Amino acid sequence: MRAIVFEEFGGPDVLRFTQDAEAPHAGAGEVRVAVRAAGVNPIDYKIRRGWMEQMAPTPLPSVPGTELAGVVDEVGEGVTGFVLGDEVVGWSATGAYAEYALAGTVVRKPTGLSWAEAAAIPVAGETALRVLDALALGDGETLLLHGAAGAVGSVAAQLAVARGATVIGTASPANHEFVASLGATPVTYGEGLVDRVREAAPRGVDAVFDASGMGALPDSIALRGGTADRVVTIADARAGEYGVAFSAGGTSPERKRAGLEENVRLAAGGALRLRVARTFALSDAARAQELSESGHAGGKLVLTP
């Protein structure tokens with residue numbers, strides 16, 4: 001099958017496109033998916049660089065990618081929830097940068113979603129829900145959201161607004177109109193952020209979600225009145241130095257599935273907007289990961305095998 005493989009850790013150049021990768025086959029309790037779209041996420045380049053080895057060692061050679069949308073084309077013994085031809089979206093168990101992948105946690109894809117839109121939901125949606133749950137964000141509270149125009153941030157902004165929260169979203173001036181369209185109040189990140197946020201939220205900030213990792217934790221703590229309580233980052237490796245919680249997974253399979261079902265339903269009905277910045281051919285996966293690693297993707301990046 002066609003796939004992207006890497007046999008050593010390193011830069012984007014270690015990613016190799018092949019048409020001769022061994023295709024996985026569905027065993028008992030498994031389904032195989034013919035991949036129509038695969039999401040590109042920051043965790044992909046972090047794994048490729050070897051930065052995640054202490055947390056979750058990666059056997060080499062390896063096929064990257066955790067999220068996919070596609071069509072069930074093999075059903076293993078004992079599977080009752082899916083049949084051949086079902087359109088699904090979710091997580092891959094064998095690497096999504098490929099023509100075929102075994103499914104991990106998947107749900108049915110609504111007909112109103114394109115393949116690229118569907119593939120943009122699982123990781124960003126799960127991450128947003130996980131952090132909002134950890135922050136216990138509720139109706140009437142104010143959330144400071146760093147990186148509100150990004151793939152995770154834009155989903156989190158919408159889900160937070162749906163919970164009845166006021167969202168102050170940091171973004172570059174070029175993305176302010178987009179952030180405002182999500183129901184958030186945009187502010188420019190960088191020097192002077194504390195004063196700008198205080199002007200936008202004179203009653204204070206109840207919780208902080210850092211989805212950007214751009215060194216905003218000291219300002220976040222200041223805006224929380226000097227405490228790291230209810231400040232969570234998914235992107236700043238210096239979190240421990242400030243006593244800030246770093247969220248990197250741990251959602252139960254049941255919560256992941258339920259959250260994904262809800263998010264795809266919202267997206268299909270137009271209540272959750274997805275910003276797919278660019279799509280790439282599978283053979284251009286190295287370029288896609290390079291753009292992801294630059295931090296300037298401008299939204300979700302998707303491969304189309």
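Student: Which helices each supply at least two residues of the lining of the second largest cavity?
Tutor: In this predicted model, helix 3 and helix 9 each do so, and the largest share, 4 residues, comes from helix 3.

Student: What makes Glu126, Arg130 and Lys256 lining residues of the second largest cavity?
Tutor: A lining residue must have an atom within 4 Å of a grid point of the space; Glu126, Arg130 and Lys256 are listed in that lining, together with Leu129, Asp133, Thr251, Arg255 and Gly259, so each of them meets the cut-off.

Student: How is that lining divided by class?
Tutor: The lining of the second largest cavity has 1 nonpolar, 2 polar and 5 charged residues, and the space itself is about 40 Å³. For the largest cavity, of about 50 Å³, the division is 5 nonpolar, 2 polar and 2 charged, with helix 4 (residues 151-162) giving the largest share of the lining, 3 residues.

Student: Why are Leu193, Val194 and Val197 of helix 6 called buried, and why are they said to be on the same side of the helix?
Tutor: Buried requires under 20% relative accessible area; Leu193, Val194 and Val197 are the buried residues of helix 6 (residues 193-200), so each falls under that limit. Because they cover an arc of only 95 degrees around the axis, they lie on the same side of helix 6.

Student: What does the face turned away from that buried side carry?
Tutor: That face of helix 6 carries Asp195 and Glu199, which are exposed, whereas the buried residues of helix 6 pack against strand 7 (142-146), strand 8 (166-171), strand 9 (185-188) and helix 7 (217-223).

Student: Which residues have the most contacts inside the largest nonpolar core?
Tutor: They are Leu143, Leu145, Leu159 and Phe209, in a core of 47 residues, to which helix 3 (residues 122-135) gives the most, with 7 residues.

Student: How do you know that Leu159 is in contact with Ala128 and Leu272?
Tutor: Contact means heavy atoms within 4.5 Å; leaving aside neighbours within four places in sequence, Leu159 is in contact with Ala128, Leu129, Leu132, Asn263, Leu266 and Leu272, so Ala128 and Leu272 each have heavy atoms within 4.5 Å of those of Leu159.

How values were computed:
Residues numbered from 1 in each chain as written. Predicted model: local features only at pLDDT ≥ 70, side-chain atom pairs only at ≥ 80, totals over all residues. Heavy atoms only, no water. Core = buried A, V, L, I, M, F, W, Y, C linked by side-chain atoms within 4.5 Å. Buried < 20%, exposed > 50% of the residue type's maximum accessible area, 1.4 Å probe, protein only. Arc of directions from axis to C-beta. 1 Å grid on protein atoms, 1.4 Å probe; cavity = no way out; pocket = protein on both sides within 12 Å on 5 of 7 lines; lining within 4 Å. Points joined across faces, edges and corners; volume = space filled by probe spheres on them. Nonpolar A, V, L, I, M, F, W, Y, C, P; charged D, E, K, R; others polar.
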